[in-house]
Amino acid sequence: MCARLAFGEETVMPDHRKLGRELGLFGSDPLIGAGLPYLLPDGAAVRHVLEEYVREVERRAGYQHVSSPVLGKRELYELSGHWAHYRDDMFPPMDLGGEQIVLRPSLCPHHALIYRSRARSHRELPVRLAELGGMYRAELSGVLGGLSRVRAIQLNDAHIFCLPEQVGAEVRSALALIRRVYRDLGLKPASYRLSLPDNRGKYAGAAEAWERAAEVLVDALDGVDYERGPGEAAFYGPKIDVQIADSSGRESTLSTVQVDLHQPEQFGLEYVGPDGRAHRPVLVHRAVLGSLERVLAQLIEEHGGAFPPWLAPVQVAVLPVGDAELEAASAVAEQAMDGGLRAEVVPADRGSLGSRIRDRRLVPYQAVIGSREAAAELVAPRLRDGRRLDPLPGKEFVAAVVAKVASRSGELWG
């Protein structure tokens, strides 16, 4: 089911703020605060699938997952450069026991400390550290909106510590990973931006290092249409931003790849080279899904709540025609859950069969069980796109859905 609605020559995407609330995916409360939405069970289910998915993809790509605290001493961010260059976007420090503790605005300082927690050899580089971790931005209330701009962010982030000669390959691999994930999610980039510094002097590090980093990114973008964004670089290095467009056509960054020659120097990061001497690694910052809140907002708009089968909050709805078929329906739902599917039984006391089918219209697969199906251990499948399939054994139906979900295909059947 396509989320885009055509009006004349114009194609319109639904606003995730309206649709997400109508579908019971997320909400907010003034007692929690602006820019701090909560996810309801269906929204949380989609997010958990995204988390499991991206961890699997990263493991297969050679990343090691770590977990680090969302707090750090002010000195940590002074050392990284965030305090000098990013303070206006950080929450104020908290005084605890004579120390100032800060909600982190980024994960990279923590990962730099994890890297330097032991000696490293050139033989083990690149070291790819990934985390789904919380970070916090003191966004002004005027720019907050639904899930796309929030103050508490769950970030799919990674930091690659590599040899200078490995940087180009790591950047290209990160871009390939981003393209693969977008394909699986049914997302399309609106544009690519090469974010560069300007002459305002808000950047850290030597100009020569910036030039080298920018050259690597330009080489990695060979064959890709992109725009240059002077003044949009991070304070520590140039970056490639993969842009998405919301229902109003506004672009924002979802994924990013950045080359950083500044923070390895600041943190004194080293590896032992083949000559037995200490050398400085290069740091590549990489976010594939980026903010899980923002990617969920984009998925809601792209798919109109009709998520690809592998992402759907409920993948199989089992509908007994009457109370007599409830036991058979429960058995099919149990088979589906045993196969790893998210399934529910929608019993007859929730309305007529027609109304229950309409209420579950965004569920990819419905299994209707009447008296004949129950007697023969069959189900009558209905697909979200309106197709009705011939009755088939419940185990065969479940196996087919499990296989389709495992393929992460956007197709429903066949």
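Modeller: Happy to; we can start with the overall picture and then go to single residues.

Biologist: Anything to know before we start?

Modeller: This is a predicted model, so local features need pLDDT of at least 70 and side-chain atom pairs count only at pLDDT 80 or more, while totals for chains, interfaces and linings use all residues. Residues are numbered from 1 along each chain as its sequence is written, and side-chain values use heavy atoms, with hydrogens and water left out.

Biologist: How many helices and strands does the chain have?

Modeller: There are 13 helices and 22 strands. Both are DSSP runs numbered from the N terminus: helices are H or I with at least four residues, strands are E with at least two. The C-alpha trace spans about 75 × 55 × 50 Å along its principal axes.

Biologist: And what percentage of the residues count as buried?

Modeller: Of the 414 residues, 51% do. Buried means under 20% relative accessible area, exposed is over 50%, and partly exposed is in between, with a 1.4 Å probe and protein chains only.

Biologist: Switching to rings: how many aromatic pairs does a search of the whole structure find?

Modeller: It finds 4 aromatic pairs. Rings of Phe, Tyr and Trp (its six-membered ring) pair if their centres lie within 6.5 Å; planes under 30 degrees apart count as stacked, over 60 as edge-to-face and the rest as tilted. One of them joins Y53 and W310, whose ring centres are 4.9 Å apart with planes at 55°, so this pair is tilted.

Biologist: Where do Y53 and W310 lie?

Modeller: Y53 lies in helix α2 (residues 41-60) and W310 in the loop between α9 (292-303) and β18 (316-320), so the pair ties together parts 257 residues apart in sequence. Y53 and W310 are both buried.

Biologist: Is F397 buried or exposed? And what about W413?

Modeller: F397 counts as buried, because its relative accessibility is 1%. W413 is partly exposed, with a relative accessible area of 24%. Together with Y365, F397 and W413 form one aromatic cluster.

Biologist: Which residue lies over the face of W310?

Modeller: That is R408, at 5.4 Å from the ring centre. For a charge to sit over a ring, NZ of Lys or CZ of Arg must be within 6 Å of the ring centre and within 35 degrees of the ring normal. R286 likewise lies over the face of Y63, at 4.8 Å from the ring centre.

Biologist: What is phi of R408?

Modeller: R408 has a positive phi of about 55°, although it is not a glycine. R408 lies in the segment after α13. E377, in the loop between α12 (371-376) and β21 (378-383), also has a positive phi, near 60°. With 65% relative accessibility, E377 counts as exposed.

Biologist: Which residues does a cis peptide bond join?

Modeller: L125 and P126, with omega about 5°. P126 is in the loop between α5 (108-115) and β9 (127-136).

Biologist: Last one: what does E293 touch?

Modeller: Leaving out residues up to four places away in sequence, E293 touches R47, L147, V150, A152, I153 and Q154, where contact means heavy atoms within 4.5 Å. E293 lies in helix α9 and is buried, with a relative accessible area of 11%.
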